[in-house]
Amino acid sequence: MKVYLDLVFFINFMFDLLLLMTVSIECKVFSKRRYLLLGALFGALSTFLLFLPLNNFSLFLFKIIISIIMLFLTFKIRSFKLFKTLIKSLYGNSIILGGLIYFLNNQISLKQIGFIFVKDGTSINLIIILISSPLIFYLYHKSFEEEKKKRSLLHKVYIKCKEDTFELLGYLDTGNNLCDPYKKRGIVIISNNYNIPIEKAILVPFKTIEGKGLLRCIEIKEIKIDDNLLVGKYLLGISPKKIDIKGANCILPNRIEEELK
């Protein structure tokens, strides 16, 4: 059987694209589609290294370097922790995919030509792509839309109080109706690790599924959301618990959504 280079390129491009999408879904790290295509294109072009007279060790090193470059072309990697998460996911899913092809090879006696597996003249690699790609494309699109919706709830927050200023990342909690019972001011909640003086705090009663309590608050002189100055009056509530929602370190009340419209 003849194996054409265009078939080799297409199969590896699709495998790399599906693999990058799977990594994206698993790690919940999304990038623009053109970067996914760029990463997959680089991976597919690098496949032709297999036709060079390289020993196994050199080929292994090339594969590692190629996979790292693919990740950097596809995703905005800003920390070593994120890089470790992505590389683990990439190799983990590669092992699963390789294991599936190896299993099929043992079960139905495939003929291997390079890295293309065939049965009666039909490429099994191509069949796997045709079966799996609609599912992975659907899952990627669904996960991407959900993540985009969550990101729309994150905002840059600038708060100026009497003695302090804060630059935070806020999470707009559409279910947060908390306000002080005196002047009906909305409350922005941050954790108590900013050493905010609260000797003259305003006590606001609150109720959650965990019980009732009093939230210590101070007045906000000025608040900006994404560089938009809000005209409403707000309080800054000091939570005894650490706040970390999608990377945000403060919780915004739902009434801010109305002011931003």
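This is a short exchange on how terms are applied to one predicted model.

Mentor: The model is predicted, so local features need pLDDT of at least 70, side-chain atom pairs count only at pLDDT 80 or more, and totals for chains, interfaces and linings use all residues. Residues are numbered from 1 along each chain as its sequence is written, and side-chain values use heavy atoms, with hydrogens and water left out.

Trainee: What makes C161 count as buried?

Mentor: Buried means under 20% relative accessible area, exposed over 50%, and partly exposed in between, with a 1.4 Å probe and protein chains only. C161 has 3%, so C161 is buried.

Trainee: Why is C217 called buried?

Mentor: Its relative accessibility is 0%, so C217 is buried.

Trainee: How many disulfides does the structure hold?

Mentor: A disulfide is a pair of cysteine sulfur atoms within 2.5 Å. The structure holds 0.

Trainee: Where is C250, and how do you know whether C250 is buried or exposed?

Mentor: C250 sits in strand β12, residues 250-252. Helices (H or I, at least four residues) and strands (E, at least two) are DSSP runs, numbered from the N terminus. The relative accessible area of C250 is 1%, so C250 is buried. I238 is 12 residues from C250 in sequence, and their C-alpha atoms are 9.8 Å apart.

Trainee: Why is Y91 called partly exposed?

Mentor: Y91 has 34% relative accessibility, so Y91 counts as partly exposed. Y91 lies in helix α4, residues 80-108. S67 is 24 residues away along the chain, with 8.8 Å between the C-alpha atoms of Y91 and S67.

Trainee: What puts the buried residues of α2 on the same side?

Mentor: The buried residues in α2 are L36, G39, A40, G43 and A44. They cover an arc of only 135 degrees around the axis, so they are on the same side of α2. That arc is taken from the directions from the helix axis to the C-beta atoms. An α-helix has 3.6 residues a turn, so residues three or four places apart point the same way.

Trainee: How does the reach of α3 compare with the expected value?

Mentor: Helix α3, residues 56-74, has 19 residues and reaches 27 Å from first C-alpha to last, close to the 27 Å expected. L59, I66, S67, M70, L71 and T74 are buried in α3. Those residues fall within an arc of 135 degrees, so they line one face of the helix.

Trainee: What makes D226 and D227 stand out in phi?

Mentor: Phi of D226 is near 55 degrees, a positive value in a residue other than glycine. D227 has a positive phi of about 70 degrees, and D227 is not a glycine either. D226 is in the loop between β9 (222-225) and β10 (228-229), and D227 is also between β9 and β10.

Trainee: Which residues line the largest cavity?

Mentor: K28, F30, S143, E146, E147 and K150 do.

Methods. On a 1 Å grid over the protein atoms alone, a cavity is a set of points where a 1.4 Å probe fits but cannot get out, and a pocket is an open set with protein on both sides within 12 Å along at least five of seven lines; lining residues have an atom within 4 Å of a point. The expected span of a helix is 1.5 Å times one less than its number of residues.
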